[in-house]
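Good morning, colleagues. Please bring the structure up on your screens, and I shall take you through its secondary structure and packing.

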Amino acid sequence: MNRYFASSPHQPRVRRATDVWLVVIGLALLLWTAANVDRVAAVETALTDLAQSAPLWFEQIFKVAYFLGLLLVWAIVISLITQGKKRLDLLRDIAIAIVATFAVVLFLIWLLDGSIPVLLPEFTEGDRGFTFPILRVATLTAVITVASPHLARPVRRFGWLMIVLVAVSGFGLGIGLPGDAVGGLGLGLMTGGSVLLLFGSPMGYPDRAGVAAGLGDLGLRITDLELAPDRSWGVRRLTGSLDDGSPIEVKAYGRDAVGSQRFARAWRSLWYRDGGQTYTSNRLQAVEHEALAILTAQRDGIATPEILAVGLGGEDMALLATVRKGKAIQPDTLTTGSLTTMWKEVALLHDAGIAHGALTLDAITIDDGRPVIGNFAASSLNAPDVRRSLDVVSLLFSTAVVVGAQDAVAAAQVGIGDDELTAALPYVQVPALTRSERGTVNKPKALVSDLSDAIAAAAGVEAPEPAKLRRVRPKDLIMPALSLVAAYALIGMMTDIDFVAVWEVVESAAWVWIIVGFFVGQTAYFFDATGMLYATGYPLPLKPLAILQVSVKWIGLAVPSAAGRVTMNALFLRKYGVSATLAVTQGALDGLAGFVTEAGILVVALIATDLSLDLDTEAVNWAVILLIVAVLIIGLIIAILRIQRLRETVLPPLKDAWAMLWSLLKDPRRTFGLLGSNLASRTILAITLWFILQAIGTPLPLVVALVVTVATNLLAGLVPIPGGIGVAEAVLTSFLMVAGLGADEAFAAAIVFRIATFYIPAGEGFFAMRWLEKNGYL
């Protein structure tokens with residue numbers, strides 16, 4: 001039975017970041033499918049029709065596969081019960097996951113349908129009725145999620161395969177739609193991940209008795225085998241003694257050790273240009289690679305541990321046993337001389353073409369005054385320069401934590417020389433460090449900055465541009481995702497539009513009115529400039545200030561307009577001696593004034609007139625929305641109060657912004673001037689839209705045009721796509737249709753309005769920016 005489990009019973013547990021992602025992804029899937037539970041997408045219809053159009057004998061296959069999912073749950077539970085007290089903790093976790101999942105499914109089905117699900121629908125004939133979410137999918141997913149850290153990889157893979165088969169069988173039997181199956185998957189991930197976060201996951205390394213037996217298979221008799229304090233996922237380090245008393249160190253790779261390292265390497269390769277340690281496809285290759293690196297280093301005169309045995313021990317693990325030389329480095333024993341000797345050993349290692357991959361003080365011991373380098377698991381033979389430079393950065397950071405940046409750099413300069421030290425300078429940055437290395441000091445970024453300055457000063461060079469270690473940054477993923485949102489909005493809108501009719505609307509328009517509207521819209525830049533004047537309180541020249549507002553349109557093609565406007569304004573204001581804080585916060589003040597103005601326009605228009613946005617809010621559960629908002633706000637406040645780094649990042653700008661806002665509110669002239677400028681700017685845009693609607697023959701009252709432009713600006717601004725391209729057109733078309741225009745006329749008006757107020761001004765903005773640069777304003 002134990003061969004189905006990857007870890008021995010009663011192992012220490014830890015909470016993993018991946019468990020948090022399980023909860024987040026599961027909650028997102030559940031909320032998304034719940035929000036669309038009353039809608040049947042075309043994809044769902046196609047998949048359901050495909051499954052139900054299969055031959056009649058396929059129904060029996062669906063029934064068997066669906067029932068096998070239940071049998072798998074019972075098989076896991078029964079196997080745990082038969083092991084007695086060994087795995088009571090896992091049995092507890094699975095029981096909680098099943099009960100929690102069952103309770104949530106019952107509540108959701110009762111809330112949405114007023115019924116309860118059938119427990120064995122595969123044995124029910126006739127119309128089974130759709131249920132959201134599918135109970136069997138949710139339960140099986142929760143059980144596999146909770147049990148996965150304990151199970152061997154083949155069993156895990158079989159479990160996830162069964163989830164897919166049960167989900168397909170669910171909509172094949174008519175128990176639910178594909179969206180209902182996805183909702184069940186999300187609920188299972190959420191409850192299973194929550195249980196793992198509550199109780200933790202086992203480390204997944206081999207047990208001590210198994211390691212001793214495996215060493216016996218390799219011809220070693222070990223006494224006093226004890227666990228070492230440092231263990232990575234799936235790898236157990238142990239210490240002991242031979243019969244003659246020689247101390248040894250053993251690394252035991254369990255079934256999942258290489259799998260977890262492969263995942264970590266793939267994850268790092270996704271985010272960083274240096275993928276990390278050399279790739280090994282199985283645990284035997286992992287220990288053989290480390291042994292080869294040790295032997296290669298010994299051949300070139302580097303002090304390393306002596307290899308005693310390497311190979312497979314038993315059925316489940318790969319072992320590497322070495323003679324443990326020297327003693328661990330103690331912080332109070334580090335001197336300039338010992339550090340210099342250590343760096344000279346590193347120079348020998350790099351001259352041999354070997355990069356260590358995890359070169360910290362923990363990997364080095366001292367034997368009769370000579371450093372001994374061990375733990376070559378992440379090493380690279382014939383390593384490129386970048387990996388050797390990363391070694392230098394790791395050891396520099398590790399020693400600087402103990403002796404400080406200046407002494408660490410001074411010892412490295414003597415030990416490896418200026419050339420190698422200077423070559424590592426572009427890599428002295430936080431992404432070059434592992435999470436455990438960053439965790440050894442409270443402010444790793446500050447220490448990295450001190451190291452960079454110390455290296456530059458010691459080598460007599462200027463600090464170069466940091467090397468691009470990150471392959472992908474989170475913000476690099478934002479724009480493609482938002483572009484997909486814009487494309488989705490446009491595609492969904494265009495499917496119901498007759499473009500021939502749209503062209504006829506544009507062709508038959510009274511272009512005189514469109515031209516008038518375009519020139520009226522140009523005057524909005526004057527009021528944008530006066531708004532900036534009132535936001536700063538500085539006597540700035542109005543002409544370049546107005547031209548600056550035009551140039552922002554050009555920048556808006558590349559970055560979201562708010563970010564572009566703040567950057568351009570800050571560059572401009574710094575030329576006039578405005579403080580950096582005020583140069584940045586004035587954009588926030590102007591943006592806040594714009595939001596207050598737009599919100600005020602909407603409130604007044606909706607209260608004082610008979611206008612309505614015709615939003616269907618009857619099906620919206622406002623209590624749930626308010627609860628989610630409250631939880632997010634409370635969570636944010638708690639995070640700011642409890643996480644020092646977040647507090648130090650967020651609070652100072654907030655205090656500066658509040659001080660600027662208070663200084664504005666104390667001056668009624670500036671306050672009303674700023675609000676009035678924003679009101680005038682929005683009104684001019686509304687007049688432009690009013691002229692365009694007159695031109696195409698679908699006039700609307702000016703108040704309606706004002707509400708439409710303001711509402712469009714508010715909603716399109718929520719998606720920070722540069723210039724709101726795509727989203728603004730879709731939102732404006734929708735609001736014009738709500739105001740009474742047909743789809744063709746609304747789309748034509750939206751396109752003409754955007755050309756007049758954004759696309760043509762963006763071209764003007766290019767020349768405006770050139771003028772500002774030429775005349776020294778930027």
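By contact I mean heavy atoms within 4.5 Å of each other. With that cut-off, consider the contacts in the chain between residues at least 6 apart in sequence: 74% of them join residues at least 24 apart. Please bear in mind that this is a predicted model. The chain has 778 residues, and buried residues make up 45% of them. Its secondary structure comprises 28 helices and 12 strands.

I begin with the open sheet. Five strands make it up, in the order S3-S4-S5-S7-S6, and their pairing is antiparallel. Which strands lie at the edges? They are S3, residues 223-227, and S6, residues 306-313, each of which pairs on one side only. On average, and with direction ignored, neighbouring strands of this sheet are turned by 20 degrees against each other.

Helix H8, residues 208-217, lies across S3, S4, S5, S6 and S7, and runs at about 75 degrees to S7. Helix H10, residues 283-299, lies across S5, S6 and S7, and its direction makes an angle of about 165 degrees with S6.

Next, a hairpin. Strands S10, residues 364-367, and S11, residues 370-373, pair in the antiparallel sense over four bridges. Isoleucine 366 stands opposite proline 371 in S11. Two residues separate the strands of this hairpin, and in the turn aspartate 368 has a positive phi of about 55 degrees.

I close with a helix pair. Two packed helices are described by the angle between their axes and the distance between the axes. For H19, residues 524-536, and H25, residues 668-695, the angle is about 160 degrees and the axes are 8 Å apart. Angles over 145 degrees count as roughly antiparallel, and H19 and H25 are therefore roughly antiparallel to each other. H19 passes H25 in a left-handed crossing. Which residues make the contact? On H19 they include Phe527, Asp528 and Tyr534, and on H25 they include Arg669, Arg670, Leu674 and Ile684.

Thank you for your attention.

Key. Residues numbered from 1 in each chain as written. Predicted model: local features only at pLDDT ≥ 70, side-chain atom pairs only at ≥ 80, totals over all residues. Heavy atoms only, no water. Axes fitted to C-alpha atoms, helices over the stretch in contact; angles between N-to-C directions. Parallel < 35°, antiparallel > 145°, perpendicular 65-115°, else oblique. Left-handed = near helix turned anticlockwise from the far one by under 90°. Pairing = 2+ DSSP bridges. Buried < 20%, exposed > 50% of the residue type's maximum accessible area, 1.4 Å probe, protein only.
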